[in-house]
Amino acid sequence: MSTSHATTEPKSRNREPSPAGRALAYWATRIQRLPPAAEDAARVLAHARQALQLAARQGADAASLARLAQHLHGPLMSRGLVRTWAHDLQALLDLRPDVFEHTPALGDSLLSAWTAAGEWQRVQEVLSTFQHAAAERRPLAAQLLHRHGSLLWMQGHWSAALRLAQQAWRLTPPELPDLRIAITGLLLLATWRLGRRKHARRWGLRGLALCAADQHLWRGRLHHYLLLTALPHDLTAASRHLRLAEAHLSTAQAHLQLAHLWADATDLYLAQGQPDRAEEALLRAYTLWREIEDPAGLADYYRHAAVVAFALGRTRVAREYAAHAAERWRALGVTAEVRRCQALLHGPKAPSPNAP
Amino acid sequence: MTLGTDHPPGGLVTALRAALRAHARHHTAAWQGLTRFLPFVAQRAGGQWEPVLAQAMERLRDEAPDEAALLEARFWQGRTVQALAYQHHLAPSTLYARQRRAITRLAQHLWSLEQEARVQAQAALAHKCRHLPPATYTRLFGLAPALERLRSWLLSPDGPRWVLIEGLGGLGKTTLAHAFAHRHISHWDDLAWVDAHAHRRTWESDSRPLDTAALIERMAWQLAGPTLAAQPPQHRAEGLRRLLAERRVLVVLDDLLPDAVAPVLAVLPPPPAQTRFLITSRYRYPEPGAHLPMRELNRADSLNLLRAEIQHRGLPPLDDDALAALYDRVGGNPLALKLTVGHLAFLPLERVLEGLTHLPTGPGEDLFAYIYEPLVAHLPPDARQVLNAMPFFAPQGATYEELQAFTGLPHARLDEALYQLMHHALLDLDPRAPARYFIHRLTYVYLTRDHRAKIAEP
């Protein structure tokens, strides 16, 4: 007879978890065991979101809610459900701020979701919500500086973005390699936009050196950014970065990043004289952006489409694309991008899309 | 040559023999008798039977050239049995036997062509239905007149270009649109089904209405894919209008807000285009047009629904007076009627009627709470546990395995709990793989309201 028999007995029948507690534990475990390419992943994620929302309303404990939210963040973001997830997390913050006090990293998750959804006004609001809390915690302050820098970069304020990224870099201890990698990405993008290509490449290589072999998402992202720095002069390097970025992002199932990569790959294909391939890559990006209703992604699509249409000699439709892209960027308040679209409309010929 | 797995119906061989004889006598409508047995081939041939027979003869020639030659000589060249028997040094009876065999084999080839045409037709139908959402009904009650009116409006070349189905939520607007689209799918070249709200897939999330540009983009996406949808908005709208003018398309716009109707109708091409828009809305659209208001079920249809529900739940049948008494107290709301039948699973009719005499007259939800409470109170503990778990699943429902893992109930107890919940009309099963158990939205609202505490698990 096994001696461990007694230990398998339930300790107390009176301490059965509530349905909300059972649900949070069940879905957290289920998501952890969810294979990346599971057929019913969308259904499982919808169930888990439902459980999170209802359990929050029914007063479930903050630790369990935070645990499920943390497990949900990665799968939902990589599947491109950024807007949906941003709304869920925002609702959780509005209803249960104690969950975010329990796990401050969720604040960063919310910021990244709103940023990816192109809702920059929301990013600004959430940043100010967390600023006070961040003052006392160095890593959180660095994280928020990085998020703020990303926001400014997307709004076209590249110098300011660079300043914040540099501050964040100084604040980030080496024990947080993931945050350091993310900051190198922003440093790369900001220096590239400011025309300092050598600096940008150096930050990219430094970021890659910090990445572990299995950090496919970040490896893919950095290769994507390095592709931008290689264009339009070094097409061989650009092709290599495209290939590597695509491989890493596919492995990481990072659909959202893949869409951005495909859109930026059009510039390489055009430079290589392959407009058909550029068009095809762009349609793949559109297919994903429409699915997730990403306003910034769609605005970016229309600008790229204008460049490709100009290259193919379809001037009338190219002008419509450019005008619509300008309209969309204007609605998002990104004047730098509006200017790029207007340059397409009014310039003597289509300028290089990656001209900083 | 591989023949279809099914054997041709016996009547096909007889009809083919008669058709071959008529053809040998140069009758113009010789092959028409085959239509009854080969409907899919007939539809594809469009009245041109010669190519079909030529194809079947070609297959017969590959398999049995002597038999093909015999049929050709007899029914295409008009030679007699005696002449052929003399030529081949055979007795006429032997030749007749060979002819019978050849006709049977030719019928088999025609039957395999029918099977192929059926598969193609089904694939084409499935392609047309690719955007049609799954049906949420198994039987329809009280929709026949509305379906007939839609048919007369939308299938007529001179009928209105758009029809608006109006009515409160839960009265079956989407069901009506779905039933019409499904029933008459063959009339259209293609179908687009656009839900005018972007849903976030959980009970707790709100859905928000799509703007006009997004609605047009979704139509373009469904009918022509990214090549049209990814165009700039003006180009896209023009392209969609052209496409709708060239083809006969049914576009269903489900749950549209009145403000969006006019801008969306701007892409609907004028006559002679045969494209039609079928719109459902919870609100009245003030402009004149083909409006179809939805109302509660009438007395006769309500009684039919009650009868069907009672039979479905394996309860003893009720006479017409008892059914009428139930209808008089509950009215013609399909869900309320269905839940009332759930009461009959554990209470005698007299008690159910007595309880329904005091129905609240306030907002609709109170009526449902009043109906739910006795249902839930009579549930055994395991069934209550499963019911309490259901709100933690998204509206699309949970699989058996998920419920088992979630509740920790052994199979036998879970089976019994599911039986009880379905018997009381509190749970439904969507049998499409993977089969899922789901609750109605009102059940969710009831379970997650304040009085939920009353149904705590023991």
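I started with pairing: two strands pair if DSSP finds at least two bridges between them. Strands (E, at least two residues) and helices (H or I, at least four) are DSSP runs, numbered from the N terminus.

**Ground rules.** I noted that this is a predicted model, where local features need pLDDT of at least 70, side-chain atom pairs count only at pLDDT 80 or more, and totals for chains, interfaces and linings use all residues. Residues are numbered from 1 along each chain as its sequence is written, and chains are lettered from A and ligands numbered from 1 in the order in which they are written.

**Entry 1: the sheet in chain B.** I looked up the strand order. It reads S2-S5-S6-S1-S7 in chain B, an open sheet of 5 strands with parallel pairing. Which strands are at the edges? They are S2 and S7 (290-293) of chain B, and each pairs on one side only. From one strand to the next, the twist averages 15°. For such angles, axes are lines fitted to C-alpha atoms, for helices over the stretch in contact, and angles run from 0 to 180 degrees between N-to-C directions.

**Entry 2: strand S5.** I then followed S5(B), residues 249-254. Is this strand mostly covered or mostly open? It is mostly covered, with 5 of its 6 residues buried. A residue is buried if 20 or more other C-beta atoms, placed from the backbone, lie within 10 Å of its own; 12 or fewer make it exposed, and in between it is partly exposed.

I checked the S5(B) neighbours next. S2 (190-195) of chain B pairs with S5(B) in the parallel sense over 6 bridges. Ala192(B) has Val251(B) in S5(B) as its bridge partner. S5(B) also pairs with S6 (276-281) of chain B, again parallel, over 4 bridges. There, Leu250(B) stands opposite Arg276(B) in S6(B). The chain gets from S5(B) to S6(B) through helix H12 (258-265) of chain B, in a right-handed β-α-β crossover. Right-handed means that, with the strands pointing away from the viewer, the path from the first strand over the helix to the second runs clockwise.

**Entry 3: strand S1.** S1 (162-166) of chain B pairs with S6(B) in the parallel sense over 5 bridges. I found Leu164(B) opposite Ile279(B) of S6(B).

**Entry 4: domains of chain B.** Chain B is divided into domain 1 (10-126), domain 2 (132-293) and domain 3 (299-455). Such bounds come from an automatic or database domain assignment. The C-alpha centres of domains 2 and 3 of chain B lie 32 Å apart. Their contact takes 8 residues from domain 2 and 10 residues from domain 3. Contact means C-beta atoms, placed from the backbone, within 7 Å.

**Entry 5: domains of chain A.** I read domain 1 (47-133), domain 2 (137-247) and domain 3 (254-356) for chain A. Centres of domains 2 and 3 of chain A, taken on C-alpha atoms, lie 22 Å apart. Here 21 residues of domain 2 are in contact with 19 residues of domain 3. Helices H10 (177-193), H12 (216-230) and H13 (235-251) of chain A each supply at least two residues on the domain 2 side.

**Entry 6: between the chains.** How many residues of chain B are in contact with chain A? I found 22, in contact with 22 residues of chain A. On the chain B side, helices H11 (233-246), H18 (381-389) and H19 (400-407) give two or more residues each. H11(B) gives the most, with 3 residues.

Definitions and conventions. Two residues are in contact if their C-beta atoms, placed from the backbone, lie within 7 Å.
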